Amino acid sequence: MTNVAVIYYSSTGSTHRLAEAAAEAAAKEGAEVRLRRVAEFAATGRAGSKEHAAATADIPEASLDDLEWADAILLGSPVHFGLAAPQLMQFINTTSALSIPGKLLNKAVSAFASGSAEHGGQVTTILALHNAICHWGSVIVATGSTDAVLYEKNNGNPYGAGTVAGNRPGFVHEENIGAIAYQTRRTIEVAAALNTSATVSVPVPVPSAG
């Protein structure tokens with residue numbers, strides 16, 4: 001069984017919906033799943049943020065244990081000026097205790113994002129998260145362009161699922177739900193392959209006498 005951690009920050013709910021869809025897709029694949037939100041550290045003042053915080057208060061906060069436990073990790077963030085939200089980056093900034101000793105090495109990690117505008121920074125946010133994944137020594141899992149769902153109207157980038165929320169709290173296009181489900185399955189497949197290769201023992205040749 002693959003352990004999957006879906007770790008995200010969401011202010012008004014769109015990234016949360018993508019994270020929930022990822023967790024549901026992982027569970028359908030038979031994975032053990034932890035859905036974890038990153039703690040808020042400042043009021044955003046965005047419409048719907050108070051309501052969203054109250055509605056998701058029962059979801060456990062992310063911890064370093066969740067990262068160490070997971071074989072596959074999906075990171076989700078809203079767009080903040082083309083970058084990941086500072087709340088998620090604050091959590092990532094605490095991960096040196098795992099990454100430096102190699103405890104995140106060769107984990108399968110993928111990223112997704114939501115933003116208010118089309119071409120508003122979803123791709124750059126995902127790519128910015130890829131930088132952190134490289135520092136972890138983890139394996140970046142991109143969606144690629146090899147599944148029909150990725151060609152549907154409201155999808156279209158090969159890096160990770162992204163939605164255009166259009167300042168509608170909690171809004172996600174249905175096509176994006178299909179994309180994040182595909183992304184989750186692909187991340188699990190890569191994690192399983194990495195785990196298999198890690199457990200395969202290669203016989204060491206013994207020199208013959210004489």
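Reader: Which residue of β2 stands opposite Y8?

Author: R37 in β2 stands opposite Y8. This is a predicted model.

Reader: How do you know that β1 and β2 count as paired?

Author: Pairing needs at least two bridges between the strands. β1 and β2 (residues 32-37) are joined by 6 bridges, and the two run parallel. So they count as paired.

Reader: What makes β3 a partner of β1?

Author: The bridge count again. β1 and β3 (residues 72-80) share 5 bridges in the parallel sense. The cut-off is at least two, so β1 and β3 pair. Within this pairing, A5 has I73 of β3 as its bridge partner.

Reader: Why is β1 called largely enclosed?

Author: Because 6 of the 6 residues in β1 (residues 3-8) are buried, the strand is largely enclosed by the rest of the structure. Both faces are covered. N3, A5 and I7 are buried on one side. V4, V6 and Y8 are buried on the other. Side chains in a regular strand alternate between the two faces of the sheet.

Reader: Why is S110 called buried?

Author: Buried means under 20% relative accessible area. S110 has 0%, so S110 is buried. S110 lies in β5 (residues 108-115). S110 touches I73, L74, L75, V141, Q183 and T187, leaving out residues up to four places away in sequence.

Reader: Is G160 buried or exposed, and where does it lie?

Author: G160 has a relative accessible area of 2%. The limit for buried is under 20%, so G160 is buried. G160 sits in the loop between β6 (139-140) and β7 (162-164). Setting aside residues up to four places away in sequence, G160 touches A111, I126, T143 and Q183. The C-alpha atoms of G160 and T184 are separated by 9.9 Å, with the two residues 24 apart along the chain.

Reader: What makes R34 a charge over the ring of W69?

Author: The charged end of R34 is 4.1 Å from the centre of the W69 ring. The distance limit is within 6 Å, and the charge must also be within 35 degrees of the ring normal. R34 is listed as sitting over the ring of W69. R168 lies over the face of F171, at 3.8 Å from the ring centre.

Reader: How many aromatic pairs does the whole structure hold?

Author: The search finds 0 aromatic pairs.

Terms used
Residues are numbered from 1 along each chain as its sequence is written. This is a predicted model: local features need pLDDT of at least 70, side-chain atom pairs count only at pLDDT 80 or more; totals for chains, interfaces and linings use all residues. Side-chain values use heavy atoms; hydrogens and water are left out. Helices (H or I, at least four residues) and strands (E, at least two) are DSSP runs, numbered from the N terminus. Buried means under 20% relative accessible area, exposed over 50%, partly exposed in between (1.4 Å probe, protein chains only). Contact means heavy atoms within 4.5 Å. Rings of Phe, Tyr and Trp (its six-membered ring) pair if their centres lie within 6.5 Å; planes under 30 degrees apart count as stacked, over 60 as edge-to-face and the rest as tilted.
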